Amino acid sequence: DKAIALDRDYVVDVEGGNRPTRREIRVNAGQEGFYNTYFVSCLPEGHTVSFRLDLTQYNEAADGTKNYLSAGRAPLPLLYGVLSATYAGVLVVWLAFFIRGHAASTNRVHHLMSLLVLLKLVALAVKTVDYHFQAHDGNAGNWGLVYYVFAGAKGLLMFVLIALIGTGWKFVKPFLSEKDKRVFMVVIPLQLLDNLALIVIEETAPGSQGFITWKDIFRLVDILCCGAILIPIIWSIKHLREASQIDGKAARNLDKLKLFRQFYLMVVTYIYFTRIIIYLLDATLPYHFVWLGDFFTELATLTFFCITGFMFRPLSDNPYFSLPDDDGGASGGGGGGG
């Protein structure tokens, strides 16, 4: 009883049993845009249909070279290649000028920062290779799986590291309280589930069974993770605000309070931009500018990494690394390094 309006030039009739159907559709100049593939069954409700679809899509250059990436994603191999080289430069600067140059003031959080940048660098390099083979061959083989391994490890470490900094571990206090540990008992499983949902979303077609469910799981878990890592930062701000009232420590604790307030605002801004602004941007970009969503996401991440590293960099005279000792005094900032 429902009327279905379709352009006959782009309809492939799969009726006819096991008879194979082959159809080539060419999009000419002036017809560019977003193209999606839909299956429409005109049979009464309750009837099932089964068929195999092999779909090959590519853009053809003037010299006949085929690019299997969409026009909006064609710049991505170059983009991720430049980003991986940029992170390599950031890692060299971080290790040479901050870690090695201030070894006595370095603690475990700084080494975890180094590992995070390394994982991000490897993930971007693998993504570059993945997009390269997608563009030239239409199939990247197992490079996608390798990327998910490194991207998953990077995502897990990033959330754990933000939570560690948020608790003030090695910056405000030399230990993690039971309350802090409970945050990690929530964040780590959520991140593992988040990574699983991401793999399902990326490796299945939008029309597959369960795709929408996994996409909703990914969004929900991602929001829960983002909320969870803000909790320890709020606790640290509250703790420092109370500590700033103590005579003799007010100036030092006020400096730390200012730092953690800035860090809190930065984390909130990063979450808001990458989870909301980018989502709205992706929904409104024209087809040939789709790559800008990836560009702005990675630019925001790089900026977040650099600012966080600079704020909590290891320096011998950095007041934020003075930890209280048992007598209420201050001890050196490197304690626990390695």
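Start with the whole chain in cartoon view: this predicted model has 7 helices and 4 strands. Follow the elements from the N terminus and the order reads β-β-α-α-α-α-α-α-α-β-β. The protein has 338 residues, of which 35% count as buried. Now show the contacts with a separation of 6 or more: residues 24 or more positions apart account for 70% of them.

**Stop 1: a nonpolar patch**

Keep the surface on and select Phe39, Leu43, Val49, Phe51, Leu53 and Leu55. Together these residues make a nonpolar surface patch of about 570 Å². Pick out Leu43, which lies in the segment before strand 1 (59-60). Leu43 counts as partly exposed because its relative accessibility is 46%, between the limits of 20% and 50%.

**Stop 2: salt bridges around Arg26**

The structure holds 5 salt bridges. Select Arg26 and Glu24, which form one of them, with the closest N and O atoms 3.7 Å apart. Glu24 is exposed, at a relative accessible area of 58%.

Glu60 counts as partly exposed, with 43% relative accessibility.

**Stop 3: a bridge between two helices**

Move to Arg275 and Asp222. Their salt bridge has its closest N and O atoms 2.7 Å apart. It links distant parts of the chain, with Arg275 in helix 6 (residues 250-284) and Asp222 in helix 5 (residues 211-243), 53 residues apart. Are the two partners buried or exposed? Arg275 counts as partly exposed at 29% relative accessibility, whereas Asp222 counts as buried at 8%.

Then show Glu24, Arg26 and Glu60 together again: salt bridges that share partners join these three residues into one network.

**Stop 4: Glu298**

Finish in helix 7 (residues 291-311), where Glu298 is found. Which residues does Glu298 touch, not counting those up to four places away in sequence? Select Tyr80, Leu83, Tyr87, Lys120 and Leu124 to see them. Glu298 has 8% relative accessibility and therefore counts as buried, the cut-off being under 20%.

Terms used: Residues numbered from 1 in each chain as written. Predicted model: local features only at pLDDT ≥ 70, side-chain atom pairs only at ≥ 80, totals over all residues. Heavy atoms only, no water. Buried < 20%, exposed > 50% of the residue type's maximum accessible area, 1.4 Å probe, protein only. Contact = heavy atoms within 4.5 Å. Patch = residues over 30% accessible without salt bridge, like charges linked within 9 Å, V, L, I, M, F, W, Y side chains within 5 Å. Areas by Shrake-Rupley, 256 points an atom, 1.4 Å probe, with all protein chains shown as cover. Salt bridge = Lys/Arg side-chain N within 4 Å of Asp/Glu carboxyl O.
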